[in-house]
Amino acid sequence: MAWDVLLTNVHLATMAGDGYGEIHDAAIAVQDGRIAWLGPKAELPHHAQAITTHDGAGCWLTPGLIDCHTHIVHAGNRSDEFEARLNGANYEDIARAGGGIMSTVRATRAASDDELLAQSLPRVRSLLAEGVTTLEIKSGYGLNLETEAKMLRVARRIGRELPVRVATTFLGAHALPLEFTGRADDYIDAVCAMIAPLAEQGLVDAVDAFCERIGFSHDQTARVFAAARAHGLPVKLHAEQLSDQRGAQLVARYQGLSADHLEHLTDDGVAAMAAAGTVAVLLPGAYYFLRDTTPPPVAALRAAGVPLAVSTDCNPGTSPMTSLLLAMNMACTLWRLTPQEALAGATCHAARALGLHDRVGTLAVGMQADFALWRIARPADLAYAIGFNPCQGVVNAGVLRAPVQETGSNARSATQW
């Protein structure tokens, strides 16, 4: 039987094993949306045939990029707060004055499903143009069942309307809504009660919370996690961004997928994450945008063997970034990740942070055929150049979304394999 697709004249960065997992002068075959064979072109089986053959023109092929922490579905923007911070206000000042997350909550509650989708699609398209094939989208700007469900419905629609796999995360415990002022424990009861109907509608893949002085306490977060696990949902956490609240230890205790931000992570938190296999998701956009000066303990995480993922944290208040390539560069320049660590952080480790590492994030036989084609000299170029997008083509489950050169009499349209 012939393969559906054979792509030749490429160099592979498989992100499997050591380093980049490089295979030069390679070929990769796709069958039924999955990788059926890959290796040096010289080792192609003599009987190899394909319905369609593409010439990769000497480009590099990587797994499709994965943005594993975003708040990309929201209404409005907060450029006024950006200006206020530059005039001396800090993040907590703005939040306590009713700005911050609550200003986005008001705009998102007021938007219809279609309006919310229309505002979100351009941000998503920017990521897809840079080789992103998997995207996590959080709720958390509704803070009531109606609007949280609306955000998650829109996230699911994005996955249907655009060529991207969407993983949804319920972040009801993001901030305390005004109607619950002074009643944080009552609101946590409400958040826990939202999980069942959202899960029953198929809207939730994981549950997140903001464990922080301006968010929710360690004990309140634990209640949310217990409710999530009672419904069979994995958990993750905004942890140790502004202070040490022992969030990393908490999410590790629940075998959480990831702990994210981590600027104030302690050695005890590092050890707990390492023991639990919890991924550290690094978010340099927020660190940069807030002009933070306390970096996450990358060296300690690296030494403990904690996987390091990198994401945009795309959100309207603290990281209005729609470039995962820029996030990779920032992780290297601000925190001394290596380019190989940055690419692993946006592929194999990002997949693990979403619980999808058995399907995406590496190039290996049996994995979903999600990959990106880059006109670069070496994989390190992806974290090196600032403001440059070398993406030449993106493949989702074996379907080509941008043209590459085709060869042979059996070549088809370059828009679909």
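User: Which residue has its backbone oxygen 3.3 Å from a polar atom of the side chain of arginine 123?

Analyst: The model is a predicted one. Arginine 123 belongs to helix H4, which covers residues 113-128. A polar atom of its side chain lies 3.3 Å from a backbone oxygen, and that oxygen belongs to glutamine 119.

User: Which side chain of opposite charge is nearest to arginine 123?

Analyst: Arginine 123 is buried and has no salt bridge. A salt bridge would require a side-chain nitrogen of Lys or Arg within 4 Å of a carboxyl oxygen of Asp or Glu. The nearest side chain of opposite charge is 11 Å away, and it is that of aspartate 67.

User: With which residues is arginine 123 in contact, leaving aside its neighbours within four places in sequence?

Analyst: Neighbours within four places in sequence are set aside here. The residues then in contact with arginine 123 are Ile72, Val73, His74, Cys314 and Thr322.

User: Which helix supplies the largest share of the lining of the largest pocket?

Analyst: The largest pocket has a volume of about 410 Å³. Its lining comprises 23 residues, and those closest to the centre are Ala95, Arg96, Met102, Leu176 and Ile214. Helix H2 (91-96) and helix H3 (101-110) each contribute at least two lining residues. The largest share, 3 residues, comes from H2.

User: Is threonine 333 buried, partly exposed or exposed?

Analyst: Threonine 333 is located in helix H12, residues 324-335. Buried means under 20% relative accessible area and exposed means over 50%. Because its relative accessibility is 45%, threonine 333 counts as partly exposed.

How values were computed: Residues are numbered from 1 along each chain as its sequence is written. This is a predicted model: local features need pLDDT of at least 70, side-chain atom pairs count only at pLDDT 80 or more; totals for chains, interfaces and linings use all residues. Side-chain values use heavy atoms; hydrogens and water are left out. Helices (H or I, at least four residues) and strands (E, at least two) are DSSP runs, numbered from the N terminus. Buried means under 20% relative accessible area, exposed over 50%, partly exposed in between (1.4 Å probe, protein chains only). Lys and Arg count as positive and Asp and Glu as negative; His and the chain ends are not counted. A polar contact is a pair of N or O atoms within 3.5 Å; within protein, one must be able to donate a hydrogen and the other to accept it, and residues adjacent in sequence count only if both atoms are side-chain atoms. Contact means heavy atoms within 4.5 Å. On a 1 Å grid over the protein atoms alone, a cavity is a set of points where a 1.4 Å probe fits but cannot get out, and a pocket is an open set with protein on both sides within 12 Å along at least five of seven lines; lining residues have an atom within 4 Å of a point. Grid points are joined across faces, edges and corners, and a volume is the space filled by probe spheres set on the points.
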